[in-house]
Amino acid sequence: MRRKIYSCITIQKELEITAKNLGCKDEITFLDSKLHSNPQKMRETLQKIIDENGSANNPAYEIVICVSGCGKATCNLTASSCNIVVPRTMDCIDILLSGSNTPRPKGAIFLTASWMKFMQASSICHEKLISKHGYENAAEKLRTIYKGFTDFYIIDTGTYDINDVESYITPLIDILGGKITKIPGTYKILEKLISGNYDKDIIQIPKGNTLLITEFAGLTPAEIK
């Protein structure tokens, strides 16, 4: 029997280096990037993975899900075939900021290299819009799209060149009249998930139970029913 780990693509670099540093031999699968922007489809995909584990030739005794409460993507997951483990965080950004005491002000956007790739592939990538509509028309569209969002934080996790991210996002920030702040990232949540040293930051759902979430990260704890 073994563990299987499934993760959102947005924390791929950070998860890979954590697994390497801890000598993790568990099977790690990164989910399709399209699922990141579709929480309902993400939840359906995760539930299917859990269900099908029961009929696998070498089923896992535990599935670690490196996807957090983003859009309730893990809400109502049922541990149908084995125990499941989920970080007690609101989203993937929280996974990288846990323990850093970095505030998350309203109207802020957080970036890493993986998040940059996600933005570059999206239909609202500023580079694509400028190329398609011209600078002024694209700038007008982007100010509407990002209305209320002007502060950009680059999370330095030590896994990529932050200058690449800064170079990419600077044209958008210039259009929005925003600013860039660079902050350190942490691996505490990922280390707990990979090592199996679970504590209050990790939600453990025994086989046969369902994760009911009213407030994923905050004063109200997850309930098992």
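Two strands count as paired if DSSP finds at least two bridges between them. Helices (H or I, at least four residues) and strands (E, at least two) are DSSP runs, numbered from the N terminus. This is a predicted model, in which local features need pLDDT of at least 70 and side-chain atom pairs count only at pLDDT 80 or more, while totals for chains, interfaces and linings use all residues. Residues are numbered from 1 along each chain as its sequence is written, and side-chain values use heavy atoms, with hydrogens and water left out.

The sheet comes first. Three strands form an open sheet in the order β5-β6-β7, with parallel pairing. Its edges are β5 (108-111) and β7 (179-184), each of which pairs on one side only. From one strand to the next the twist averages 25°. Strands of a sheet pair through backbone hydrogen bonds, either parallel or antiparallel. Between β6 (residues 151-156) and β7, the parallel pairing runs over six bridges; Tyr153, for instance, has Thr181 in β7 as its bridge partner.

Asp151 also lies in β6. Leaving aside residues up to four places away in sequence, Asp151 touches Gly107, Ala108, Ile109 and Lys179, where contact means heavy atoms within 4.5 Å. Glu14 is 137 residues from Asp151 along the chain, and the C-alpha atoms of the two are separated by 23 Å.

Next come two helices. Two packed helices are described by the angle between their axes and the distance between the axes. Here axes are lines fitted to C-alpha atoms, for helices over the stretch in contact, and angles run from 0 to 180 degrees between N-to-C directions. The axes of α5 (residues 126-133) and α7 (residues 162-176) come within 9 Å and cross at roughly 65°. The two helices are therefore roughly perpendicular to each other (angles under 35 degrees count as roughly parallel, over 145 as roughly antiparallel, 65 to 115 as roughly perpendicular and the rest as oblique). On the α5 side, His126, Glu127 and Ile130 meet Tyr168, Ile169, Pro171, Leu172 and Ile175 of α7.

The structure holds eight salt bridges, each defined as a side-chain nitrogen of Lys or Arg within 4 Å of a carboxyl oxygen of Asp or Glu. One of them joins Arg2 to Glu27, with the closest N and O atoms 2.8 Å apart. Arg2 is partly exposed at 26% relative accessibility, and Glu27 is partly exposed at 33%. Buried means under 20% relative accessible area, exposed over 50%, and partly exposed in between (1.4 Å probe, protein chains only).

Lys192, Asp199, Lys200 and Asp201 are linked in a network of salt bridges. Within it, Lys192 meets Asp199 at 2.8 Å, N to O, and Asp201 at 2.5 Å, N to O. Lys192 is buried at 18% and Asp201 is buried at 16%, whereas Asp199 is partly exposed at 32%.

Last is confidence. The pLDDT, the predictor's confidence in each residue from 0 to 100, averages 87 over the protein, and 92% of the residues score at least 70. Confidence is highest in α6 (residues 135-145), at a mean of 97, and lowest in β10 (residues 223-224), at 34. Over residues 214-225 pLDDT stays under 50, and the model has 31 contacts beyond four places in sequence for this stretch. Where pLDDT is low, the predicted coordinates should not be read in detail.
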